[in-house]
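Hi everyone, thanks for coming.

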Amino acid sequence: MAIRDRLSGNEAVAHALKQIGPDVMAAFPITPSTEIPQYFSAYASNGEVDTEFVAVESEHSALSACVGVAASGGRAVTATSSCGLALMWEMLYVASSMRLPIVLAVVNRALTGPININNDHSDSMGARDSGWIQLYAENNQEVYDNTIMAYRIGEHPDVKLPVMACQDGFITSHGIENIELLESDKVTSFIGTFNPDVRLLNPKHPVSMGPYSNASYYMEWKCQQAYAMKQAKQVILDISKEYANISGREYGLFEEYKMEDAERAIVIIGSSAGTAKATVDSLREKGEKVGLIKIRVFRPFPMDELAKALGHVKAVAVMDKAESFSACGGPLFAETRSACYGIPNAPKMINYVYGLGGRDVHVGCIAHVYSDLEKIIKTGDIGETYRHLSVRE
Amino acid sequence: MAYNLKQELAKPERFTGGHRLCAGCGASVAARGVLRALDADDKALIGCATGCLQVSGFLYPYTAWQDSYIHSAFENVGATVSGAEACYRAKKKRGEIDENYKFIAFGGDGGTYDIGFQSLSGAMERGHDMVYICYDNEAYMNTGIQRSSSTPQFADATTSPAGSAIPGKQQRKKDMTEVLAAHNIPYVGQTTFISNFKDLHEKARKAIYTQGPTFLNILAPCPRGWRYPNENLMEICKLAVETCVWPLYEIINGEEWILNYQPKNKLPVEDYLRPQGRFFHMFLPGNEWMIQKAQNAVDNKWNSLIKRCN
């Protein structure tokens, strides 16, 4: 029987990690992810896990240590947010190029400039091209589930890539919700053991990892990573199905909410999807044909699937909780519009950058977006495609 | 067993030939010398910071390293190896590994004194059972002889060129050995290539086989950067020691300072400076003050070291 509990998102991740029992956690505190290593170090101090907890002196060293762990053949985990993830940037690419299935619990927070401790997705969106799989969660249950699945996905022989399991800072990380936990023995048997064929701590076959590799081999290296990312899509679906069998909770690459007959849709990531679903419900009560798509897997990007899901919609608003300063829209917009390019009767599409640095997003905000889509359908005029939501003029 | 260079050299190389380091490079001499101090049965997990030793020792698909080896980036070999060591402890605790591993990190002075300083300091403070070896060639040689905080005062480096207004590097060399001693770790040693390599060998053994974090600073001259003939490596090292520019000493637990060698006749610093092209401008007429200043700096450091070792 599943265990019912009330946990914050950070507690949920820490609890999942306790059940997984990685070889090493190396972490450095940063708001709002701090609680994850804090809870976990208490498990270590109290003998509830036999994981080595390494309290490193920076996030760069946290991920560097994780590289050392995973290269040695161990399960590694770290947690971070915002500037911490930015400080890891260099090592993100190193970890993915070495094909190390490290799990990184990202508690999304705005990047500094000015300093801001609240949620947006600028940290992990900036890292979207670093060769990591990215899973996003709407709520505490999802981040718990994603954390457990992350190990299986990253370690799969067709994939061998590091995974970010992301949740929204404070909104889910510190918000307490009802949650269903798996029994620990179920988690243990689900994740199995990690026995990479190539590892530093293999006394019979010493290996060198992390070479200098110039024009003669570098491109093959990158193509193999790109291929692994393509493979990851099916692996994520397979593992999610397997997870559904033990948990009863089903996950795909994204969630479609009331999309069957929807004429207007928004595409969104993370906790704001909850607010958006409430908006959809209330508009549906008024007979409006609205729906939403919540992206769970941003890397690999579900391009074909998304095109299919949006094919019948008349107008779409893509919601970016990150500003990419491209002068033409956020990252989710760029990819979603690209996905829909060339499909017959492609929906009209606008982009809203919203919720930066924790700017509140409520039902009224989302209703405003749906009403903008209504105008577009009525007039046929898209107007400005690149917009900002709830911002002072 | 008494140290015997011939026997030591008969051991299989753990950093083999075929690497692409320059002729006369001190880095490979340091790496081979340190690895000779390992017991044959002991496995080693070696990390290396980005630098000459990395890019010349492991060019895909070739490696000169016979033990398991990892390079991840420039500024983080301390953290990378501490992760590997923590993983080893976890696996030992869980009974998943029987063999005995030693953890050795290599970094040049760039990866040690400068960009990798934080990661090194953190690894030492946390007490990982690992050795950190600095092969100190006193500039960023891999990128083309730019000054580092280890570059000696007045040296001509490509970002501290000896010009008509500014005569080479203005700042003094950071004393990294003392900085590491201040971490109060079980063992810190300073050595270079002298006579039959006994000093290097013994210090490497102590560093490797002392439980906990240890640090060994090896002066590892670079003939291209220092501008002296390739074949003069040993002469340059000897002069560094005989002039007391690079004293041989060790520090136990940050408290016990031991001087390993006291020159019978301390040579003037100019004997060390003159053969090196990087100090050429110090010998131009009117620049005698620079040599005097260098001598004063060496004397002051040496006198304070002697005091600490007594």
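Between chain A and chain B there are 23 residue pairs in polar contact, both at pLDDT 80 or more; that means N or O atoms within 3.5 Å, where within protein one must be able to donate a hydrogen and the other to accept it, and residues adjacent in sequence count only if both atoms are side-chain atoms. On the side of chain A that touches chain B, β3 (52-55), α3 (59-72), α4 (82-97) and β9 (208-209) each supply at least two residues. The most comes from α3(A), with nine residues.

Please remember that this is a predicted model: local features need pLDDT of at least 70, side-chain atom pairs count only at pLDDT 80 or more, and totals for chains, interfaces and linings use all residues. Residues are numbered from 1 along each chain as its sequence is written, chains are lettered from A in the order in which they are written, and side-chain values use heavy atoms, leaving out hydrogens and water.

How many salt bridges cross the interface of chain A and chain B? The rule finds six, taking a side-chain nitrogen of Lys or Arg within 4 Å of a carboxyl oxygen of Asp or Glu. A:Glu52 and B:Lys93 meet in a salt bridge at 2.8 Å, N to O.

Now to helix α9 of chain A, residues 272-285. Buried here (under 20% relative accessible area, 1.4 Å probe, protein chains only) are A:Ser272, A:Ala273, A:Ala276, A:Lys277, A:Thr279, A:Val280 and A:Leu283. They sit on the same side of α9(A), because they cover an arc of only 160 degrees around the axis. After α9(A) comes A:Gly287, with a positive phi near 90 degrees.

Technical notes. Helices (H or I, at least four residues) and strands (E, at least two) are DSSP runs, numbered from the N terminus. The expected span of a helix is 1.5 Å times one less than its number of residues. Buried means under 20% relative accessible area, exposed over 50%, partly exposed in between (1.4 Å probe, protein chains only). The arc is that of the directions from the helix axis to the C-beta atoms.
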